[in-house]
Amino acid sequence: MNALLICNVGGRDVLHPALPKNGHSERQWAQTALARYPELCGDFSLPIISKALHYLATRHVILDHVILIASDQSPPPVGNAQFWSSDTIYSAQIIVRLLCDGLTPYPRLDGQQITIWTIQTEDGQGCDPSDYDLTLRFLERRLAELRRVYPHHTAFFEVTGGTPAMTTGLLIAGTEIFGSQTEILSVHPNQALPIALNTGKRLLATPLRASLRSHAASYAYAAAARTFLEHEAIITDRLEPTAARLIAPLLAYAHHRFNFDFVNARSALQRVRNAGPWRAELDSLLAQVNKPERRFLLAEVVHGAAARYQIGLYADFLTQVVRFEENLLRYLCLQQGAWFLNRQRQLDPDGTYLAREWLTQQTFTLSRDRDPNRDLIADRSVMRELLGHLLGRAQPGQHNLLTAIDRLGELVKRRNELTHHLEGVQKAGLARAFAGPQAPPAAADQIVPHLEQLYEQVCHQPLPPSPYQHINQLLDRLLQATQS
C-alpha cells in the first residue's frame, strides 16, 4: 500500500532523557536540542509519532510522503509571547532529521519525502494553532493540494499531537478531502500501538447513506448503485451484515425494474441466498416481476410515468404516457377478442399486426384496411378506430371511456413531434396539450391521476401501490439496521 502520513506536532512529541523540558518553552527547548543534535540524536524519543511509524512499518505500508504540521507564529511584539514560545517548528525539524537518519521505527526516508507545514493565514502569516477556524481553513487548503498530488494514496492521519484545534481540524478536513482513503490513527499513552479509529468512516457514512436515499427518492437507482459500489466499506460500516449484503442486489433490482427490464430484475434477486428477516419482502418483490400479467404491466407504466413526472423528466414522462395509452387500447382490443400476429405471423397478444383471418369475420371495415390479402398494421390509430366499432357508440359508458382515452391524444402528438425538432418539454406545454391552450401549468398535475382513473376503469381493479415506494422504504430500513 502506497500511503501518506500526516502528523500534528505538539509539545509532547519530542523528548530527550538528558535534556528535560522543565522551565523551558517548547521553542527554546527544541532550538537547543536541534543545535546539539549530533550529540543527542541517538536518544531522542518520539512518544506519539513513533507508535504510528511502528504501526505502519509492521504492516509494510510504503510511505511516499510524510507531512509534519507545526506552528511558527510571529515573534513578539507582533505576536503573543506565550503562544510564540510554545511553537513547534523546531520540534518538527528534529523529527525530520530523525526520519532522514533512520532513527525511528520506520525505515530511513529521504529528505524530499518529508515536508513541514506551519499553520498560516491565507497571506502566509503564521497563526495561533489553537484558533479552530484558522487552523481548519489552513488544513483544508493544504490537504486539498496534497490530494491533487496524490489522488490515489491512502492518507494516515496521526491526530493525537498538537492543540485540540489541530486535532479537530485534521479529523474534519482530512476525512472530508480524502474520503474513503482516510485512516485515522490515535495514540494512547498506555497502548503500544495506535488505535485505528473508524472516525473517518463514521463521519462519511451519514452523508453517503443520505446520498443513497436521495438517489433512490429521485429514482436514480443506477447512481445509487455506483455510490454504493465506490463507498461500500463506509456505507456498510456498523450495518447488520445481512442487511449490508442486500443493498447492492436491491438497487440493481430497482434499476432494472424502473427500466421495465424484468428479466434482469429477477436475476438480481434470484442470486440472493441468505436474506434473513427480509426474505419475505424480497420474495414478494421477486414474485412481482416473475411472468407479470398484462394488467400488472399497465400499472407499472402508470407508476413509471408518475415517477418521471415527479422528478421533472417530462420528455421521458411523455414516452410513458404514449406507452400507456397504446397498451391500454391493445388491452381493450384483446378483451374484445381481437387477434394480433407477430412478424412471423404467429398469434401474439403483443404482435404488430391484426390478423386478416379475424378481420374478415367482422361486420365493419377499418378506414386503413385497403388490402384484403394482407394483415393490417395495428398502430394506435387503428386500434382506436377498431374499439369504436367493437365497443359500440350506443353504450354511454363505453363512449365515455373512449372519450377519456382520447384526452391523451394531444400528449401523444406532442411526444411524436419531439423526434422532429430539438425543442424542450415544459410543464406548461404538458398542461396545454392535456387541458387546452389556456390551461395553467398546474393543470399538468392532473395527467397522472387521469392515467390512474383510466387504469381502474379498464382493468376493473384499484391501481396497486407504487413498487418504488416499497423499494425505497426497504432500502431505508436496511441502512438503519445498525448494530448496537
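## Helix packing and aromatic contacts

Helices α11 and α13 run roughly parallel to each other, because angles under 35 degrees count as roughly parallel, over 145 as roughly antiparallel, 65 to 115 as roughly perpendicular and the rest as oblique. Their packing angle is about 25°, and their axes lie 12 Å apart. This is a predicted model, in which local features need pLDDT of at least 70, side-chain atom pairs count only at pLDDT 80 or more, and totals for chains, interfaces and linings use all residues. Residues are numbered from 1 along each chain as its sequence is written, and side-chain values use heavy atoms, with hydrogens and water left out. Helices (H or I, at least four residues) and strands (E, at least two) are DSSP runs, numbered from the N terminus.

**Helix α11 and its partners**

- Axes are lines fitted to C-alpha atoms, for helices over the stretch in contact, and angles run from 0 to 180 degrees between N-to-C directions.
- α11 passes α13 in a left-handed crossing (the near helix is turned anticlockwise from the far one by less than a right angle; clockwise would be right-handed).
- On the α11 side, Leu-246, Leu-250, Tyr-253 and Arg-257 make the contact (heavy atoms within 4.5 Å) with Leu-282, Leu-285, Leu-286 and Gln-288 of α13.
- α11 also packs against α22, at an angle of about 160° and with the axes 10 Å apart.
- That makes α11 roughly antiparallel to α22.
- The crossing of α11 and α22 is left-handed.
- From α11, the residues that meet α22 include Ala-243, Leu-246, Ile-247, Leu-250, Tyr-253 and Phe-258.
- From α22, the residues that meet α11 include Pro-467, Tyr-468, Ile-471, Leu-474 and Leu-478.

**Asn-472 in helix α22**

- Asn-472 belongs to helix α22, residues 467–480.
- Its relative accessibility is 15%, so Asn-472 counts as buried (buried is under 20% relative accessible area, exposed over 50%, partly exposed in between; 1.4 Å probe, protein chains only).
- Asn-472 touches Ala-216, Ala-217 and Tyr-221, leaving aside residues up to four places away in sequence.
- Asn-472 and Arg-213 are 259 residues apart in sequence, but 7.5 Å apart in space, C-alpha to C-alpha.

- α14 and α15 pack at an angle of about 160°, with 8 Å between their axes.
- α14 and α15 are therefore roughly antiparallel to each other.
- α14 passes α15 in a left-handed crossing.
- Among the α14 residues that meet α15 are Arg-294, Leu-298, Val-301, Ala-305 and Tyr-309.
- The α15 residues in this contact include Tyr-314, Phe-317, Arg-323, Phe-324 and Leu-328.
- In helix α20 (residues 427–435), Gly-429, Leu-430, Ala-431, Ala-433 and Phe-434 are buried.
- These buried α20 residues pack against α14, α15 (314–335), α19 (409–417) and α21 (447–459).
- Gly-436 follows α20 and has a positive phi, near 115°.

**Aromatic pairs**

- The whole structure holds 13 aromatic pairs (rings of Phe, Tyr and Trp, the last by its six-membered ring, with centres within 6.5 Å; planes under 30 degrees apart count as stacked, over 60 as edge-to-face and the rest as tilted).
- Tyr-219 and Tyr-221 have ring centres 6.5 Å apart and planes at 70°, so this pair is edge-to-face.
- Both Tyr-219 and Tyr-221 are buried.
- Tyr-309 and Phe-317 form a tilted pair, with 5.1 Å centre to centre and 55° between the planes.
- Tyr-309 counts as buried at 12% relative accessibility, and Phe-317 is buried at 0% relative accessible area.
- Tyr-219, Tyr-221, Phe-258 and Tyr-468 form one aromatic cluster.

**Charges over rings**

- The charged end of Arg-323 sits over the ring of Phe-260, 4.3 Å from its centre (NZ of Lys or CZ of Arg within 6 Å of the ring centre and within 35 degrees of the ring normal).
- Arg-407 lies over the face of Phe-434, at 4.1 Å from the ring centre.

- Most residues other than glycine have a negative phi.
- Phe-260 has a positive phi, near 60°.
- Phe-260 lies in the loop between α11 (241–258) and α12 (262–270), and counts as buried at 13% relative accessibility.
- Lys-291 also has a positive phi, near 55°.
- Lys-291 is in the loop between α13 (279–288) and α14 (294–310), and counts as exposed at 76% relative accessibility.
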